[in-house]
Structures are given as C-alpha cells and as structure tokens.
Amino acid sequence: MTTPRGASGDAPRTLRDMAARGREFLERHGDAEARLDAELLVARAVGLDRLKLFLALDRPVDAEEVARARELLVRRAKGEPTAYILGEREFYRRPFVVDRRVLVPRPETEHVVDRAREYVRTRVYPSGGPRVLDVGTGSGCLAVTLALELPGANVVAVDVSAEALAVARENAERLGADVGFLEGDGLAPARELGGRAFDLVVSNPPYVDARERDELQKEVREHEPHVALFAPDGDPDHWVLRLAREAPALLAPGGLLLVELGYDQWERVGDAIENARVHKDLAGIPRVLEWAKPD
C-alpha cells in the first residue's frame, strides 16, 4: 500500500497540499468520493472541521499531523468507510455516532423523516404529539431524529441487536432525544409493550439479497453489519411484506406506515400491498413505501 506523498517523495507542507495529495491518493484506490473523504480525514487529522479546513488551507502542517492524516487515508484506501474512521455521520443535519455495530446512515433515509413531518402537520393528537415506532433502529437515526423533529412525539425504537441499541442509546443521549428502546425481533416487543396505538410506524429494514453479496461495494460488504444489510431467507422483500401485514394491528385509525425500499423493490411489492403508495427520492427512485390505515 503506497502512502499519500508527492511525486518526489517530499511531505506536504500546507493543508491545501495535504488535502490535494490525499484526494489523489484515494482516487488511485478507487474512492468515488475521494475529494470529500480526503477533506474530512485531513480535517480530522489536524483537529478541524471541514469548513475550518477551507478557511486555513495555507496553514503549514507539521510531521505529526502528516502522519495522522496518512494513517487515516490509508485506512480509507483499504476500504474502511469514512464514517467509521471518523466515528460519526451526519443525518438530518445532526452528527450521529456510528461504528461497525450499525449501518452508516444514508441520505435516502432522510426521505422517511420528510414524509413523517409532512404527515404529522396535518394531524391533531390528543396527547399533544404522535406515538412513533421505529423497527430496526440501528444507529437510532430515524427514532432520534423523529423525536427531535416532531413536537410532543412519544418514540419507541426496536432492534434485534443489543450492540446496535447501545449505539442508538448513545446517540439519543448525546442529542438530547427522549426515546424508549426495546430489544427484540420485528414488531413483537412493541406488541408486548402495550399502551395506545401508534400513529407512525417507520422502518429502514434489511432489503439486500444475500445472494447478491459480491455485487455490493467492498466497504459495505466487508465492514457494515450483515444482520442489518441482508434480508432473511434470501428474500429481499421479507421485511416490507411482514411490516405491511403486521403493522396495521398496531396503528391507530389514520396511522401511517413508512418503509424505506431498495432501488427496484417497489416494482415487486407495489401490487402486493393493497392501497400502498410510494415516494421517490431525489434520483427519481421509488424509495419510501407509504400505507395509511383508514380513519
């Protein structure tokens, strides 16, 4: 593994030089977001955020800073996700702690929050806010964000992984979100919890077919938790169909189910779920399935 040095072997002298060489180094190793990753990693190595890096590009760098940046860039070049190297990823304008216990939050998942916010604006809740269930919470990005974005919301998050729940709890505490966490499979823990019906059930469930493992990016395949990536029994539609079948019993009249879909999943499940509709992401891909319980 080569390291990010100049053509003559000399070390970078300024932050601008170090970021440029880092980008070139990551590009040579096939990083599709080489510029962004290099800037984030160099900024971390010198104790700045990305904005402050831009404001200090002509600042000289010392040998220790170069060594720290080189270590981080080499880790990225070997395929480790930038979010895991940094220990955080932004979701809905907030920094979430992430590591190998949870999936890295994706921008596509923010569409679930967008639709939930739009829906809640049109409703009135006797208790002052909606009761929300997040199934398969992972890092807690959906549950925590909804707790903070929906006034008066009562949010419950479920995950089968105790390790993932530990990360989600940390994120809730760091960001000041009031979320209840339950360990267990699917909707079962929420059924056992009892209480009034939920107004929203949301989920970003596993929807990757394990038989397509080799088609995933190396950084995803080798670093992110398989239990959160791969659908059970080789059936990529398992969870969306299960949620569509089981969630209505937990939803209040007028309640809403929102499920993130894989890029081609709507083509398979759209006709199988009566009265379902879909919302497209910014790339025009059908991304969020919506099903509303009649009032």
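Trainee: What makes Phe-91 count as buried?

Mentor: This is a predicted model, and in it Phe-91 has a relative accessible area of 0%. The cut-off for buried is under 20%, so Phe-91 qualifies.

Trainee: And why is Tyr-92 called buried?

Mentor: Tyr-92 comes out at 5% relative accessible area. That value is under the 20% limit, so Tyr-92 is buried.

Trainee: How many aromatic pairs turn up in the whole structure?

Mentor: A search of the whole structure gives two. In one of them, the rings of Phe-91 and Tyr-92 have centres 6.4 Å apart and planes at 40 degrees.

Trainee: Why is the pair of Phe-91 and Tyr-92 called tilted?

Mentor: Start with the distance: rings pair if their centres lie within 6.5 Å, and 6.4 Å passes. Then take the angle: under 30 degrees would be stacked and over 60 edge-to-face.

Trainee: What makes Phe-91 and Phe-96 edge-to-face, then?

Mentor: Their planes stand at 90 degrees, with 6.0 Å from centre to centre. Edge-to-face needs over 60 degrees, so that label applies to Phe-91 and Phe-96. Phe-96 is also buried, because its relative accessible area is 0%. The ring pairs link Phe-91, Tyr-92 and Phe-96 into a cluster.

Trainee: How do you know that the charged end of Arg-131 sits over the ring of Phe-198?

Mentor: The charged end of Arg-131 is 4.2 Å from the ring centre of Phe-198, and the distance limit is within 6 Å. There is an angle test too, within 35 degrees of the ring normal; the pair is listed as a charge over a ring.

Trainee: Now the strands. What makes β4 mostly covered?

Mentor: Count its residues, 154-159: five of the six are buried.

Trainee: How do you know that β3 and β4 pair, and in which sense?

Mentor: At least two bridges are required, and β3 (residues 131-135) has five to β4, in the parallel sense. One of the partners is Leu-133 with Val-156 in β4.

Trainee: Which helices sit in the β-α-β units?

Mentor: Helix α7 (residues 141-149) goes with β3 and β4 in a right-handed unit. Helix α8 (residues 162-175) goes with β4 and β5, also right-handed.

Definitions and conventions:
Residues are numbered from 1 along each chain as its sequence is written. This is a predicted model: local features need pLDDT of at least 70, side-chain atom pairs count only at pLDDT 80 or more; totals for chains, interfaces and linings use all residues. Side-chain values use heavy atoms; hydrogens and water are left out. Buried means under 20% relative accessible area, exposed over 50%, partly exposed in between (1.4 Å probe, protein chains only). Helices (H or I, at least four residues) and strands (E, at least two) are DSSP runs, numbered from the N terminus. A crossover is right-handed if, with the strands pointing away from the viewer, the path from the first strand over the helix to the second runs clockwise.
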